[in-house]
Amino acid sequence: MATNDPFVEGLRRIFQARPDLTPAAVSTRAGLDNSTIRKLISGANKSPKIETAQRIANAMDYQLSDIIAVGEHSDPTTALDWLRILDQVSPHVREEAIKYALYLQSQNTEAALSRARAVPSDDEEKKQQGADRPEARRSAPLRRSGS
């Protein structure tokens, strides 16, 4: 069952992928009623309050943004695989991996912006094409010296 809320979709996918995590255990750990998470997963409750979502994420030992990313990702298997890998390393290694991923993302964004700047706009392209036509190449008027 798909939902429009990426947190709820991510939550659903993580519970499906991690049988060791149960809604009852996460609810208890988050200090929530067991029905809260079950209603989210079933679709009876469409979207939690941000405080509730944060409590659930903390109880699952995930960042809220990680759960949302799993819900937004077109290939949830890849996102879940990364979460599994990050779960197996020390907090220091996890932090360094996230920093490196953010660095790569910023480099990719900068490269895309550079490519976008290098591609002439339609107006610039039309000006350039017009300048290449013989009738567009006019010489500047000559000035007489001494006038």
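**Notebook: a chain of helices**

I began with Val-26 and found that Val-26 touches Phe-15, Leu-21, Ile-37, Ile-56, Ala-59 and Met-60, leaving aside residues up to four places away in sequence; contact here means heavy atoms within 4.5 Å. I noted that this is a predicted model, in which local features need pLDDT of at least 70 and side-chain atom pairs count only at pLDDT 80 or more, while totals for chains, interfaces and linings use all residues. Residues are numbered from 1 along each chain as its sequence is written, and side-chain values use heavy atoms, with hydrogens and water left out.

**Overall layout**

I looked up the secondary structure next, and the chain has eight helices and zero strands, where helices (H or I, at least four residues) and strands (E, at least two) are DSSP runs numbered from the N terminus. Of the 147 residues, 25% count as buried, which is defined as under 20% relative accessible area, with exposed over 50% and partly exposed in between (1.4 Å probe, protein chains only). Among the contacts with a separation of 6 or more, 56% are between residues 24 or more positions apart.

**The core**

Which residues have the most contacts inside the largest nonpolar core? I found Phe-7, Leu-11, Ile-14, Val-26, Ile-56, Met-60 and Ile-67, in a core of 23 residues; such a core is a set of buried Ala, Val, Leu, Ile, Met, Phe, Trp, Tyr and Cys residues joined through side-chain atoms within 4.5 Å. The elements that give two or more residues to this core are helix H1 (6–17), helix H2 (23–30), helix H3 (34–42), H4, H5 and helix H6 (76–87), and H1 supplies the largest share, five residues.

**Tyr-62**

I then turned to Tyr-62, which sits in the loop between helix H4 (50–59) and helix H5 (64–72). Is Tyr-62 buried or exposed? Tyr-62 counts as buried because its relative accessibility is 5%. Beyond residues up to four places away in sequence, Tyr-62 touches Ile-14, Arg-18, Leu-21, Ala-57, Ile-67, Leu-83 and Asp-87. Tyr-62 and Asp-87 are 25 residues apart in sequence, and their C-alpha atoms are 8.8 Å apart in space.

**Leu-104**

Finally I checked Leu-104 in helix H7 (residues 91–118), and Leu-104 counts as partly exposed because its relative accessibility is 41%.
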